[in-house]
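Hi,

Here is the structure I promised to pass on. Have a look at it first, and then read my notes below.

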Protein chains: 2
Amino acid sequence: MNRCFEIKYKDKHTCARVGTLETVHGKITTPAFMPVGTLASVKSLTPEEVAELGGEIVLANAYHLYLRPGDEVVRDFGGLHRFMNWNGPILTDSGGFQVMSLAGRRKISEDGVVFRSHIDGSEHFFSPESAVRIQENLGADIIMCLDECTPYPVSREYVEESMRRTVRWAKRCKESKRREDQLLFGIVQGGVFTDLRKECATALREIDFPGYAVGSLSVGEPKEDTFRVISEIVPELPGNKPRYLMGMGTPLDLVEAISHGVDLFDCVLPTRNARNGMLYTSKGSIQIKNHKYFRDKNPVDPECSCYVCRNFTRGYLRHLYVNRELLSYRLNTMHNLHYYFSIIKEVRRAIKDGTLEKLRKEFQMREESEKKVAN
Amino acid sequence: MNRCFEIKYKDKHTCARVGTLETVHGKITTPAFMPVGTLASVKSLTPEEVAELGGEIVLANAYHLYLRPGDEVVRDFGGLHRFMNWNGPILTDSGGFQVMSLAGRRKISEDGVVFRSHIDGSEHFFSPESAVRIQENLGADIIMCLDECTPYPVSREYVEESMRRTVRWAKRCKESKRREDQLLFGIVQGGVFTDLRKECATALREIDFPGYAVGSLSVGEPKEDTFRVISEIVPELPGNKPRYLMGMGTPLDLVEAISHGVDLFDCVLPTRNARNGMLYTSKGSIQIKNHKYFRDKNPVDPECSCYVCRNFTRGYLRHLYVNRELLSYRLNTMHNLHYYFSIIKEVRRAIKDGTLEKLRKEFQMREESEKKVAN
């Protein structure tokens, strides 16, 4: 599994690259965007639809699936792939982020973390070893080390202590891993402190993983800090291994991060925004509930070729949304995921053509003009 | 439009028949089941999926669409077919049933009915003429006369007065109809009183409609009364015209009513039950939330060939349902509609083969054994 990642094209002007990442459930092209399938379902969509929209790999959540229906139950169904009927690659996160963002009464020690379920308050314990075992039961192609996702703001002392523990946990994760068919990625922590991030990256490289993620970004820190960390830390991660920016971001974030050499993304934005009626278009995002779309006979985005834009008007989509029709969430999700996957494809082409820098500027201008409209 | 209905096969032993009903948006085979698309959407499904499952005609609600988004808005979008992107036949009911079952503070007079919206309490007025105009704006292929749907129980005197007004309204509906491309059906009222039902049927035949419906059944009366009325009134409706039993019923209801000569059905049962986790199977219905399905690796119905049964386990469907995943409502709806359409196809075959009576007894036994299990 050491040669699972291969770089096909490198951009001359930025750190961006196009590659392929091979798993036992197939090969994906990078940069790749992973739609979020928290509970073994990309909300509202069938697996076939996710694939048709352009999804090559989906993300599921170890924390959620450990609680419901239970990782051993999923294992008994033949693993996540068979449980949800998705035969392509899957990545599970370790639960580190959810323990910090969702669970109650956390208590972290060197051993691991005690927490209470956000559903029924029951007490649970994750250790590096149990997080790996849970993910082995779930059976994803890529699994993640248990980490502590540090919040923002928090003291440097706390981040330093936490990051060093995350490194020790990463070592234990690797040591406890038993399955040969899964790739275990390490996660770089260190908050907004570049020297701590670098210390973490160096330590993880020494442990040696087939891929590296950057965690705890876009957790409340100023955008300048986010991209300062990305620009300084991504080059510290081995160039011949896939790099995964966890839990972000906007279309512009993706393009920027790819320019810095990131290969993998996951984010709830396209799917969650869809369910909240926010639709992406080539002219900026729109709120479909707005009264101005009441009699609008145009598609969401006249430049979009997705199923939704080929078949339905903004007026009908508004009608579905304001009346909470179940079809609304589906159509909105399809459109937004199609938008994200289109961007990824556009970026890949631009990397091959050497035009990524131009594309990045276009996205910057699009986001700036949207901010002006919003203000 | 007088020759819109053609009978292809008649059952030797019952009053059942297989026919074709032609509309400007295509021909459908009868007996037919119309899935309910209240607000111009069969809840959770795309139009393509409805068709793939076997739907040939869908029902939409004039009352709901008049309130949201408004019938004139739908007209401006090119009518219901273009609005919801369903190019097959559509039937709209007149709103009579919803005014009685949903709206507030009704006041019925010879002119029509004043009611308050169930959404915001605003006051509205439906007359026979406005109900036709609304349905002309919506542009369905089959539209219904405004009727008063009498509740159960209610006095014979009330039913008699109401039925005679419904007949006078039916005449006004026909007189006010302007579009030539729509079929206007009359609705037989008269509660559980057979002589009143017959009086109504005779009066409506005199007015002359291209199709006739039976309304206000399955509104709380004993099942014996329901089928007494059906068996006595359906033969009173012209044999060369389509007969539509409004708003019912269970799989057995369909088979029984078809035996009495009914051609068209609509009912929320398969779709609403689906959203409430009740799934039909060839061995009786199941509640997918039950804990016994937690680790069940079988499909919902091993004898079913639908997309859901081919691809997902009961355990996964239970997981989706108990976690309120949006995909749950879709998959459950697909399965139940497939079940209903399969029954309709089975019944059509049985009519051609002369085996309907045998099939009816099978359905009776199935429902009885299910009752025993439930008790």
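This is a predicted model: local features need pLDDT of at least 70, side-chain atom pairs count only at pLDDT 80 or more; totals for chains, interfaces and linings use all residues.

Pro69(B) sits in the loop that links helix 2 (62–67) to helix 3 of chain B.

You'll find Pro31(B) in the loop between strand 3 and strand 4 (32–34) of chain B.

Ser44(A) isn't a glycine, yet its phi is positive, near 85 degrees. Its place is the loop between strand 4 and helix 1 of chain A.

How far can you trust the model? The predictor gives an ipTM of 0.97 and a pTM of 0.97 for the complex. For chain A, the average pLDDT is 96, and 99% of the residues score at least 70.

**How the two chains meet**

How many residues of chain B are in contact with chain A? The count is 29 residues of chain B against 29 residues of chain A. On the chain B side, the elements that give two or more residues are helix 3 (71–76), helix 4 (80–84), helix 13 (314–322) and helix 14. Helix 13 of chain B gives the most to that side, with four residues. Sorted by class, the chain B side has 14 nonpolar, nine polar and six charged residues.

Chain B can be superposed on chain A by a rotation of 180 degrees with 0.0 Å of shift along the axis, at an RMSD of 0.0 Å. The two copies are therefore related as by a two-fold rotation axis. If you want a landmark for that axis in chain B, go to Leu326(B): its C-alpha is the nearest one in the chain, 3.8 Å from the axis. Also, 100% of the interface residues of chain B are interface residues in chain A too, so the copies meet through the same surface.

**The sheet, in chain B and in chain A**

Starting with chain B, there is an open sheet of three strands in the order 1-2-3, paired antiparallel. Strand 1 (5–10) and strand 3 (26–30) of chain B are at the edges with a single partner strand each, so one side of each has no neighbour in the sheet. From one strand to the next, the twist averages 20 degrees. Strand 1 of chain B is joined to strand 2 (residues 17–23) by five bridges, and the two run antiparallel. To get your bearings there, look for Ile7(B), which stands opposite Gly19(B) in strand 2 of chain B. Helix 14 (residues 326–353) of chain B packs on this sheet and touches strand 1, strand 2 and strand 3; its direction makes about 120 degrees with that of strand 2 of chain B.

Chain A also has an open sheet of three strands, with order 1-2-3 and antiparallel pairing. Its edge strands are strand 1 (5–10) and strand 3 (26–30) of chain A, each pairing on one side only. Here I looked at the other pairing: strand 2 and strand 3 of chain A are antiparallel partners over five bridges. Gly19(A) stands opposite Thr30(A) in strand 3 of chain A. Helix 14 (residues 326–353) of chain A packs on the sheet, touching strand 1, strand 2 and strand 3 of chain A.

**Two domains in chain A**

Chain A divides into domain 1 (5–267) and domain 2 (274–374). Their C-alpha centres lie 27 Å apart. Where they touch, 27 residues of domain 1 of chain A are in contact with 24 residues of domain 2.

Which elements of domain 1 of chain A give two or more residues to the side that touches domain 2? They are strand 2 (17–23), strand 4 (32–34), helix 1 (47–53) and helix 10 (251–259) of chain A. Helix 10 of chain A gives the most, with seven residues. By class, that side of domain 1 of chain A has 14 nonpolar, seven polar and six charged residues.

That's what I have so far.

Cheers

Terms used
Residues are numbered from 1 along each chain as its sequence is written. Chains are lettered from A and ligands numbered from 1 in the order in which they are written. Domain bounds come from an automatic or database domain assignment. Two residues are in contact if their C-beta atoms, placed from the backbone, lie within 7 Å. Ala, Val, Leu, Ile, Met, Phe, Trp, Tyr, Cys and Pro count as nonpolar, Asp, Glu, Lys and Arg as charged, and the others, Gly among them, as polar. pLDDT is the predictor's confidence in each residue, from 0 to 100. Copies are superposed by least squares on the C-alpha atoms of residues with pLDDT of at least 70 in both. Two strands pair if DSSP finds at least two bridges between them. Axes are lines fitted to C-alpha atoms, for helices over the stretch in contact, and angles run from 0 to 180 degrees between N-to-C directions.
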